[in-house]
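Biologist: Hello! I am new to this structure and would like to learn how to read it. Could you walk me through it?

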Amino acid sequence: MSLSLKPANLKRYRDLLMLFYKYGHGDLVKNAPVIDDPLPFAPPPPMPMEARELAKDVERLGPTYIKLAQLLSTRSDMVPQGYREALARLQDGVEPFPFEQVQAIVAMEVGARVSKAFTEFEDVPIAAASLGQVHRAVLRSGQQVVVKIQRPDARQNVSEDLDAMTELATFLEAHTDMGRRYGLVQIVEELRKSMLRELDYRLEAMNLQLMREHLGAFKRILVPAPVEDYSSGRVLTMEHVTGQKITKFSPLIRVEIDGDGLAEELFQAYLHQILVVGVFHADPHPGNIFLTDDHRIALLDLGMVGRVGRNMQDLLLKLLLGISEGNGDQAAAVAEKMGQPDEDYDALAFKRQIADIVSQQRTANLNDLQVGRVVLEVQRIAGDCHLRVPPEFTLLGKTLLNLDLVGRTLSPKFDPNESVRRNAAKILHEQALKSFSSGNLFGLMLEAKEFLERLPSRMNQLMDLISTNKLKMKVETFNENLVITTLQKIANRITLGLILASLIVGAALLMRVETSFRVFGYPGVAMLFFFLAAGGGLTLAWQIVRSDRTQR
């Protein structure tokens with residue numbers, strides 16, 4: 001496949017190449033598992049490159065590149081540890097687009113002019129990003145809301161970015177070993193799915209409603225309610241949450257709030273999402289978590305969610321318990337069950353490295369305890385040992401990594417390992433209650449009904465076979481006759497060998513007995529024993545060679 005020569009695509013190729021040019025000799029390439037040597041065309045840097053510089057450059061390129069960087073942050077086989085953490089926390093901020101375009105988009109999507117649908121609508125946005133911007137407004141009912149409007153050119157720009165990335169990834173996968181080894185086309189396809197989901201604000205509205213239902217028991221966790229009548233694919237209206245970003249509150253507010261309780265409830269809420277509900281907010285970076293005026297935690301921007309199946313939930317709980325308890329063997333065994341081994345999978349090395357990293361986590365001081373980092377490290381070790389883990393595992397690691405940062409911000413003494421141990425029993429209880437839900441019970445009843453309906457006919461078939469002596473059981477086992485025959489051959493050869501050895505020993509002893517019968521100047525009886533032993537040995541050797549040839 002050849003690269004497109006469209007001007008728009010050429011600009012995107014240039015942007016990507018400029019990143020490679022700038023960071024070709026930096027730590028990103030030197031320490032990456034993908035490339036052994038720095039790129040030859042990149043100039044030596046005047047000073048060491050840092051991960052935050054790369055993060056800033058990616059932010060300037062726009063939303064598609066930000067999402068690609070966030071996706072790469074889960075690939076420990078391609079990106080070094082420090083860069084993964086920086087890319088996982090990327091945010092974007094750009095200049096807002098004109099208010100006239102805002103009015104046109106709202107009128108088209110909502111079906112009414114801004115002046116008719118809202119009593120107030122601020123023309124200056126409170127936040128602006130590369131995919132959209134947010135305005136304060138007041139509905140006719142008097143409810144204060146925020147309106148998230150997608151940029152007019154967002155879908156077109158994302159589509160063109162993805163097309164250019166697809167062409168470049170296809171070219172690299174067809175012409176380079178690196179592209180084939182790491183599946184660049186698959187990475188871009190995962191990025192395409194993620195971006196298309198995030199561009200549909202109706203999905204985010206559904207996620208908001210779902211999280212409100214499942215987190216209702218957590219009184220200090222707030223999820224804003226969407227206003228469905230004023231929402232569409234490009235406009236999302238939700239209740240207004242007053243507060244500030246969790247990273248920007250002052251030390252005075254830290255004294256006023258219950259940081260330990262907030263951190264514990266937030267971590268407990270995410271464990272509930274992941275291990276009980278099976279749907280979790282997958283982007284809890286500090287910019288998406290607010291501290292409200294009434295000292296609650298608000299979860300914002302639910303465009304990205306992760307989903308976990310029931311079997312994976314059980315394995316993840318065992319894995320988190322193994323990590324929190326410092327049980328490396330249990331963590332390694334669970335991680336092995338979660339992955340799919342390749343032909344070159346090294347089980348011994350995998351278990352040894354997992355045990356080492358988990359034991360280090362147990363002996364680390366409180367400031368270094370980070371469950372998310374350990375989960376991502378488990379994913380990296382799995383990749384090094386040729387064990388492929390499911391995508392939700394890496395997404396979970398990224399989520400917990402951001403959650404560790406938020407927990408430390410709320411309470412510097414927060415211990416995520418202790419929180420996992422405290423909440424394990426409650427999570428098991430909630431999982432048991434969920435398994436006895438009405439849907440699961442109806443499923444069990446249907447299976448029982450099917451079993452009872454088929455049981456009489458199957459019992460009749462079984463009794464007929466028994467009564468007519470036609471019941472057969474197929475048992476796969478080894479061939480006893482072959483084993484017995486082989487053992488007999490071995491016993492015969494050992495016996496013949498002992499006889500030949502005794503003839504040789506007897507002949508050696510008879511050499512000292514002088515007789516008139518001599519052969520070649522030696523005592524005749526002793527020489528006869530030697531001849532018998534030699535003949536028997538040759539015969540035995542010939543039988544062994546012939547038997548081996550026949551078997552082959």
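Modeller: Gladly. Please keep in mind that this is a predicted model. Let us begin with the surface: the protein chain has an accessible surface of about 30400 Å², and 58% of that belongs to carbon and sulfur atoms.

Biologist: What share of the 552 residues is buried?

Modeller: Buried residues account for 44% of the 552 residues in the protein chain. The secondary structure comes to 22 helices and 15 strands. Taking contacts between residues at least 6 apart in sequence, 67% join residues at least 24 apart.

Biologist: Which strands form the open sheet, and in what order?

Modeller: The order is β5-β10-β9-β7, and the pairing is mixed. β5 (221–222) and β7 are at the edges with a single partner strand each, so one side of each has no neighbour in the sheet. Helix α13 (residues 259–277) packs on this sheet, where it touches β5, β9 and β10. The direction of α13 makes about 30 degrees with that of β10.

Biologist: How should I read the two faces of a strand?

Modeller: The general idea is that side chains in a regular strand alternate between the two faces of the sheet. Here, take strand β9 (residues 289–292): I289 and L291 lie on one side, F290 and T292 on the other. These residues are all buried, which leaves both faces of β9 covered.

Biologist: How many bridges join β9 to β7, and how many join β9 to β10?

Modeller: Strand β7 (residues 243–245) pairs with β9 over 3 bridges in the antiparallel sense. In that pairing, K245 stands opposite F290, and G243 stands opposite T292. β9 is also joined by 3 bridges to strand β10 (residues 297–299), again running antiparallel.

Biologist: What lies between β9 and β10?

Modeller: The two strands form a hairpin with 4 residues between them. In the turn, H295 has a positive phi of about 65 degrees.

Biologist: Let us turn to L215. Where is L215 placed, and is it buried or exposed?

Modeller: L215 sits in the loop between α11 (201–214) and β5. The cut-off for buried is under 20% relative accessible area, and L215 has 2% relative accessibility, so it counts as buried. Leaving aside residues up to four places away in sequence, L215 touches I221, V223, A269, H272, Q273 and L299. Sequence distance and spatial distance can also be read side by side: L215 and V277 are 62 residues apart in sequence, with their C-alpha atoms 9.6 Å apart in space.

Biologist: How do I read a pair of packed helices, such as α8 and α10?

Modeller: Start with the angle and the distance between axes. Helix α8 (residues 154–175) packs with helix α10 (residues 184–198) at about 165 degrees, and their axes are 8 Å apart. Angles over 145 degrees count as roughly antiparallel, and α8 and α10 are therefore roughly antiparallel to each other. The crossing of α8 and α10 is left-handed. Among the residues that meet are V158, L162 and M165 in α8, with L184, V188 and L191 among those in α10.

Biologist: At what angle do α14 and α15 pack?

Modeller: Helix α14 (residues 310–325) and helix α15 (residues 328–338) pack at about 155 degrees, with their axes 8 Å apart. That makes α14 roughly antiparallel to α15. Their crossing is left-handed. The contact includes M312, L315 and L319 of α14, and A331, V334 and M338 of α15.

Note on methods: Residues numbered from 1 in each chain as written. Predicted model: local features only at pLDDT ≥ 70, side-chain atom pairs only at ≥ 80, totals over all residues. Heavy atoms only, no water. Buried < 20%, exposed > 50% of the residue type's maximum accessible area, 1.4 Å probe, protein only. Pairing = 2+ DSSP bridges. Contact = heavy atoms within 4.5 Å. Axes fitted to C-alpha atoms, helices over the stretch in contact; angles between N-to-C directions. Areas by Shrake-Rupley, 256 points an atom, 1.4 Å probe, with all protein chains shown as cover. Parallel < 35°, antiparallel > 145°, perpendicular 65-115°, else oblique. Left-handed = near helix turned anticlockwise from the far one by under 90°.
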